[in-house]
Amino acid sequence: MTTVTLTPFHREELITLWLGDVRDVLSRIATESVHCVITSPPYWSKRDYHVDGQIGMEPTVEAYVAKMVAVFGAVRRVLRDDGVCFVNLGDSYAGSGWSDRNGAIGQATVDSPAVPVGGLKPLDLCLVPERVALAMQADGWRLRSVIIWAKPSPMPE
């Protein structure tokens, strides 16, 4: 992780936006000082940002869910008791992403087709948002609503 100075990316009268690795930024924000968190964490196994230790490139969906629970534990610390948290989180299909047959992380090629992990069959919907939501509930979060983002022309897997 890189060291960040606690300088906002953007600030207005009632809004402050932070830019950086969530694990660094949250550690520098005062406890129970945030009213609202709106985030779209990196989706599991979707994009390699070529950053060591990046979120989203965990070898299994279970490891990704565990990391999300840990990150949102840090979010809970900075949220006020009356604060809210909105999370935009997408899904993927087993075998369509970045884990090759040896468990290595990287884009699958013709010579190394992606295979399912975590007991999923090829082309199973991984249900990542649901897994994260259930794990967060088990960690003490309240799930208040699920909003389906229906894209009429999504990018193909």
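The following paragraphs lead from the overall layout of this predicted model to one of its helices and then to a patch on its surface.

The protein contains three helices and four strands, and, read from the N terminus on, these elements follow one another in the order β-β-α-β-α-β-α. Of its 157 residues, 27% are buried, while the accessible surface of the protein amounts to about 10700 Å², with carbon and sulfur atoms contributing 58% of that area.

Helix 2, which covers residues 61-78, is built from 18 residues, and the distance from its first C-alpha to its last is 26 Å, close to the 26 Å expected at 1.5 Å a residue. Its buried residues are Val 61, Tyr 64, Val 65, Met 68, Val 69, Val 71, Phe 72, Val 75 and Val 78. These buried residues of helix 2 pack against helix 1 (22-27) and helix 3 (128-138), and also against strand 3 (34-39) and strand 4 (79-87).

On the surface, Phe 9, Leu 14, Ile 15, Leu 17 and Leu 19 form a nonpolar patch, and together these residues have about 580 Å² of accessible area. One of them, Leu 14, is located in the loop that lies between strand 1 (10-11) and strand 2 (16-17). Leu 14 counts as exposed because its relative accessible area is 79%, where exposed means over 50%.

How values were computed: Residues are numbered from 1 along each chain as its sequence is written. This is a predicted model: local features need pLDDT of at least 70, side-chain atom pairs count only at pLDDT 80 or more; totals for chains, interfaces and linings use all residues. Side-chain values use heavy atoms; hydrogens and water are left out. Helices (H or I, at least four residues) and strands (E, at least two) are DSSP runs, numbered from the N terminus. The expected span of a helix is 1.5 Å times one less than its number of residues. Buried means under 20% relative accessible area, exposed over 50%, partly exposed in between (1.4 Å probe, protein chains only). Contact means heavy atoms within 4.5 Å. Accessible areas come from the Shrake-Rupley method with a 1.4 Å probe; for residues, only the protein chains shown count as cover. Patches are made of residues with over 30% relative accessible area and no salt bridge: like charges are joined within 9 Å, nonpolar side chains (Val, Leu, Ile, Met, Phe, Trp, Tyr) within 5 Å. A salt bridge is a side-chain nitrogen of Lys or Arg within 4 Å of a carboxyl oxygen of Asp or Glu.
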